[in-house]
Amino acid sequence: IVLSSLGLLLLGLALAQNDVQNVTVFDTSSPINREVSQLFWITMGFAALIFTVVFGALIYSIVKFRARGDEKGEPPQFHGNDRLEILWTLIPLGIVAVLFALTAKTLFAIGTPPEEGIEVQVTGYQFWWDFYYPEYDVRTSNELIIPVGRAVKFEVTSKDVIHSFWAPNLGGKIDAIPGVTTRTWFQAEEPGIYYGQCAELCGASHANMRFRVIAVPEEEFENFMRAARAYKAPEPVSPREERGQQIFAQSCASCHRVQGTAAQGTLGPDLSYFGNRTTLGAGVWPNKPEYLKPWIMNSTDVKPGSEMPAFPQLTEEDVEALVAYLDSLRLEGFDFSELPKR
Ligand code: CUA
C-alpha cells in the first residue's frame with residue numbers, strides 16, 4: 001500500500017508538471033467528451049455502489065460474526081438460498097445490460113459524424129501528422145486548423161506503423177492503421193490551441209509525435225482555407241532568404257513540399273506557409289529559430305528516430321539562411337500564436 005501510494009503520488013506530481021496546457025478528457029466543451037464523461041461518471045457511480053454494498057456486507061460480517069469468548073470449531077453451515085442467488089444474478093445482469101446499452105450508444109455517437117461536417121484526411125507517419133482537406137484541396141502538417149462550432153469528420157490512416165490520432169480535450173483516439181481507413185469526428189466549441197498526441201506506441205519518438213488543433217472562428221477558417229489554396233511561396237526579399245531558398249532546393253526539396261515552388265517532395269511534412277506554424281518537430285517545440293536551427297542540423301539529436309538526415313555540410317550561416325527562408329513562407333494576416341492554449 002505504501003509503495004503504490006508513493007507511485008500514485010509521483011504520478012500526480014508528474015501530471016501536475018504538465019502545466020503547459022490543461023490536457024484532459026473531461027473537457028465537456030467538446031460534444032464527444034461530454035458523451036464519454038457522462039458514461040464514465042455513470043460507470044463510476046455503479047462501481048461506487050457495488051464497492052459500498054460488497055465492502056459494507058464484508059465488514060458487517062467480519063464484525064457481527066466474529067469468534068467470541070471461547071467459541072471453538074466451525075459455526076453452523078448452510079447451503080443454498082434460491083432467492084438470494086436469483087437476486088445476485090439478476091442485479092449484476094441488469095447493471096451490465098445498462099452499461100452495455102449506454103456504451104453502445106456512445107460508441108455509435110463517436111463513430112457517426114453529423115452530415116454537415118467538414119472533411120479532413122489524417123495520415124500518421126513516424127513521427128508526424130499530415131492533414132488534407134479534400135473539399136478545399138489544402139494540406140497542413142502537424143497543425144490542424146478547424147472552425148469553431150462545426151463538426152470535423154476525420155478519415156484516419158497511416159503510411160508506416162499503427163499510430164493513434166488523439167486530441168484529449170476534443171476527442172479522437174482512433175487508430176491510424178496502414179491500409180485501413182478509420183473514421184471519427186469532433187467539434188471545438190471554443191477558439192484556441194488544443195493539444196494533440198499520438199496515442200499508440202509507434203517507435204522511438206512516439207512521445208514526440210504530437211500536433212496542435214487550432215480552432216478559429218468560422219470566417220477566419222474559410223479565409224485561411226481560401227488563402228492556403230491560392231498560396232504561392234513569396235519571392236525572397238533579402239540575399240539571406242535567397243540563399244536559404246537555394247539550399248532548400250538542393251537539400252530539402254526532395255522530401256518536403258512548398259506550394260508554388262519546384263519543391264514537391266512528399267516523404268516529409270508539407271512546409272507551405274511554415275511561417276504560420278506555432279510549433280515545429282511535430283508539435284514538440286515552439287516555432288522559433290533557436291529550436292529550428294538544431295532541428296535542421298541534426299534532427300535525431302533532438303528527436304530520436306527522426307527520419308530527416310543530418311546536414312553536417314551546412315555552415316551556421318547556411319542554417320540561418322534556411323531559417324530565414326522558412327520563416328518567410330507565410331500566409332499574411334493569420335497569427336495563431338496569440339490564441340489561448342486549451
Ligand atoms: Cu505514432 Cu505513437
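Trainee: How do the residues lining the largest pocket divide into nonpolar, polar and charged?

Mentor: The lining has 20 nonpolar, 7 polar and 5 charged residues (Ala, Val, Leu, Ile, Met, Phe, Trp, Tyr, Cys and Pro count as nonpolar, Asp, Glu, Lys and Arg as charged, the others, Gly among them, as polar). Bear in mind that this is a predicted model, where local features need pLDDT of at least 70, side-chain atom pairs need 80 or more, and totals for chains, interfaces and linings use all residues. Residues are numbered from 1 along each chain, and side-chain values use heavy atoms, without hydrogens and water.

Trainee: How much space lies in the largest pocket, and which lining residues are closest to its centre?

Mentor: The largest pocket holds about 640 Å³. His256, Gly268, Pro269, Trp295 and Met308 are the closest to its centre, out of 32 lining residues.

Trainee: Which helices supply at least two lining residues each?

Mentor: α5, α6 (289-297) and α8 do, and α6 gives the largest share, 3 residues. Helices here are DSSP runs (H or I, at least four residues), numbered from the N terminus.

Trainee: Which residues of α5 are buried, and which are exposed?

Mentor: Start with the general idea: an α-helix has 3.6 residues a turn, so residues three or four places apart point the same way. In α5, the buried residues (under 20% relative accessible area) are Glu241, Gly244, Ile247, Phe248 and Ser251. Their arc around the axis is only 120 degrees, which puts them on the same side of α5. Pro239, Ala249 and Gln250, on the other side, are exposed (over 50%).

Trainee: What do the buried residues of α5 pack against?

Mentor: They pack against α8 (316-328), with contact meaning heavy atoms within 4.5 Å.

Technical notes
Buried means under 20% relative accessible area, exposed over 50%, partly exposed in between (1.4 Å probe, protein chains only). The arc is that of the directions from the helix axis to the C-beta atoms. On a 1 Å grid over the protein atoms alone, a cavity is a set of points where a 1.4 Å probe fits but cannot get out, and a pocket is an open set with protein on both sides within 12 Å along at least five of seven lines; lining residues have an atom within 4 Å of a point. Grid points are joined across faces, edges and corners, and a volume is the space filled by probe spheres set on the points.
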